[in-house]
Amino acid sequence: VGSTIGAGVYILVGTVAREHSGPALAISFLIAGIAAALSAFCYAELASRCPSAGSAYHYSYICVGEGVAWLIGWALILEYTIGGAAVARGISPNLALLFGGEDSLPIFLSRQYIPGLDVVVDPCAAILVFIVTGLLCVGIKESTFAQGIVTTANVCAMIFVIVAGGYLGYNTGWAGYKLPTGYFPFGVDGMLAGSATVFFAYIGFDSVASTAEEVKNPQRDLPLGIATALSICCGLYMLVSIVIVGLVPYYAMDPDTPISSAFASHGMQWAAYIITIGAVTALCSTLMGSLLPQPRILLAMARDGLLPSFFSEVNKSSQVPIKSTLATGLVAATLSFFMDVSQLAGMVSVGTLLAFTMVAISVLILRYVPPDEVPFPSSLQESIDSVTLRYSQRISGKNPETSTFVDSSQPLLGNKNVAVDCLIIEKQEAQAYWTLTEQNRRKIAGWTIMLLCVGAFGLTFAASNVWIPSLIRLTCCGVGGVLLLSGLIVLTCIDQDDARHNFGHTGGFICPFVPLLPIVCILINVYLLINLGAATWARVSVWLLIGVVVYVFYGRSHSSLLDAVYVPAAHADEIYRSSGDSLA
């Protein structure tokens with residue numbers, strides 16, 4: 001909760017209401033929350049099965065492959081780093097209100113415009129990022145304790161906004177909802193575009209998955225933490241949005257301090273100070289939650305050899321990847337010093353939505369075509385040999401048929417005229433037929449999942465771009481819809497893979513309504529991705545292109561897969577336990 005609440009309410013409410021959603025802001029939060037909830041179910045299953053610091057990067061690495069996983073990890077770097085910078089950028093205007101106004105901060109903390117660069121720098125944001133980075137380097141317990149304190153103040157402020165704002169709205173007649181422009185001044189498309197932007201407010205729950213290696217009981221605690229945090233945050237977002245949009249017309253909202261300014265416009269200056277204190281503490285908590293997962297993503301990628309080993313070093317005393325944390329803090333401080341939050345929010349949404357889409361695809365792959373083998377570093381060769389030997393002994397102990405139908409007075413190997421019972425031959429023929437059928441089932445499922453993704457992209461792209469000629473647009477929508485519906489029918493009719501019961505850590509959360517839920521999750525996330533706008537995609541494309549170059553010239557040549565040992569997926573969990581080490 002502390003990692004999530006803050007940015008969506010205290011920064012994006014004013015901007016999204018003014019430019020996209022209008023009075024329908026609560027619906028934008030609801031749609032984004034539904035998309036996040038679908039992803040949360042998928043995250044919960046994968047986090048309990050594969051608890052790793054890599055989060056969505058690790059799930060993609062296992063289910064899809066190294067190349068796609070690299071792009072997801074590279075997008076997550078963008079998500080968490082820029083997310084922290086965006087939150088830090090929103091603290092300074094709220095902090096200025098405590099000192100009397102926008103220009104009341106000391107000169108070394110206040111925002112300054114630099115004419116030569118045409119940017120507004122924010123020294124306060126950079127300083128706060130460095131402070132939080134230092135706190136995160138101390139240890140996970142210490143930073144969690146500090147976050148708990150500021151989150152308590154945050155929740156109290158939210159409750160005050162809902163109660164006091166509801167009382168004000170009741171007395172004043174909810175002026176924000178009595179406008180001639182109606183409930184959707186920017187249309188349904190504007191409301192959906194607002195959903196894509198406020199999706200940034202839900203990135204907190206997926207940060208829980210990145211701390212999986214620091215959770216005592218991941219099979220129970222990770223799904224519970226993800227579901228509870230998302231439910232609380234979505235409810236608070238919607239209630240606060242309903243109140244604030246009703247107090248002030250959307251076009252009159254302050255884009256930097258919408259909540260404090262809304263109460264101040266009704267003469268409640270003292271309430272504005274309480275809200276501002278809550279906003280500052282909430283944003284500080286969110287800043288900690290945004291910077292916490294990033295070093296752990298770098299840690300997982302460095303373990304796989306895709307980044308320098310510098311990022312995989314963990315401090316022995318604090319058990320924290322300090323070098324990765326310092327690098328993250330330095331980059332986030334630089335971005336928060338120079339960049340505008342409106343530019344940052346859309347870029348963060350791209351990273352979040354890409355990760356959520358890949359997590360949903362990974363659930364389908366895990367259920368229908370789970371990997372037969374998983375790679376292990378050669379350093380675990382001793383544990384691999386030990387587990388393989390135990391499995392061989394179990395198998396040999398469970399198959400006494402050989403000694404049943406063979407003359408015990410003759411050598412087992414060397415007698416070419418051993419009589420074999422005809423039932424065994426029939427059993428082997430039936431097993432060979434089943435193996436062929438199972439191979440076909442996996443091929444059908446694999447192609448269906450791929451065509452599902454193609455159909456989701458074609459349908460959402462055609463539906464979102466009205467400039468496409470009507471004939472081509474209708475054709476793309478029709479083909480995409482047929483692929484989606486056909487894929488849903490095929491995956492519903494064929495059996496899921498039996499190996500899914502033994503893949504990863506068993507006994508954890510199981511995502512319901514598969515394949516329907518992951519398919520809807522993919523469709524919603526892809527639609528939100530397409531509606532982010534060309535400018536956002538242009539900036540993100542440059543970042544992803546840089547990632548491809550880094551992977552081609554460094555990641556592939558240093559990948560741990562070059563000397564990996566592949567073992568059956570059913571042995572993986574026991575190898576992890578016998579090695580006594582949690583590896584990504």
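Here are a few exercises on this predicted model, each with a worked solution.

Some ground rules before you start: this is a prediction, so local features need pLDDT of at least 70 and side-chain atom pairs count only at pLDDT 80 or more, while totals for chains, interfaces and linings use all residues. Residues are numbered from 1 along each chain as its sequence is written, and side-chain values use heavy atoms, with hydrogens and water left out.

**Exercise 1. Work out how many helices and strands the protein chain has, and what share of its residues is buried.**

Step 1: go through the DSSP runs, numbered from the N terminus (helices are H or I, at least four residues; strands are E, at least two). The protein chain has 22 helices and 4 strands.

Step 2: apply the burial cut-offs (buried is under 20% relative accessible area, exposed over 50%, partly exposed in between, with a 1.4 Å probe and protein chains only). Of the 584 residues, 51% count as buried.

Step 3: look at contacts (heavy atoms within 4.5 Å). Take those between residues at least 6 apart in sequence: 84% of them join residues at least 24 apart.

**Exercise 2. Describe how α13 packs against α5 and α14.**

Step 1: get the geometry from axes, which are lines fitted to C-alpha atoms over the stretch in contact, with angles from 0 to 180 degrees between N-to-C directions. Helix α5 (residues 66–98) and helix α13 (residues 293–303) have axes that come within 9 Å and cross at roughly 160°. That makes α5 roughly antiparallel to α13 (under 35 degrees is roughly parallel, over 145 roughly antiparallel, 65 to 115 roughly perpendicular, the rest oblique).

Step 2: list who touches whom. From α5, the residues include Trp70, Trp74 and Tyr80, and they meet a set in α13 that includes Ile297, Leu298 and Met301. By class, this contact has 9 nonpolar, 3 polar and no charged residues (Ala, Val, Leu, Ile, Met, Phe, Trp, Tyr, Cys and Pro count as nonpolar, Asp, Glu, Lys and Arg as charged, and the others, Gly among them, as polar).

Step 3: repeat for helix α14 (residues 322–338). Its axis lies 8 Å from that of α13, at an angle of about 125°. That makes α13 oblique to α14. Here Gln294, Pro295 and Leu298 of α13 make the contact with Ser324, Thr325 and Thr328 of α14. The classes come out as 2 nonpolar, 4 polar and no charged.

**Exercise 3. Find what Cys234 touches beyond its sequence neighbours.**

Step 1: Cys234 is buried, with a relative accessible area of 15%.

Step 2: leave aside neighbours within four places in sequence; Cys234 is then in contact with Phe29, Gly33 and Tyr202.

Step 3: compare the distances. Cys234 and Phe29 are 205 residues apart in sequence and 7.3 Å apart in space, C-alpha to C-alpha.
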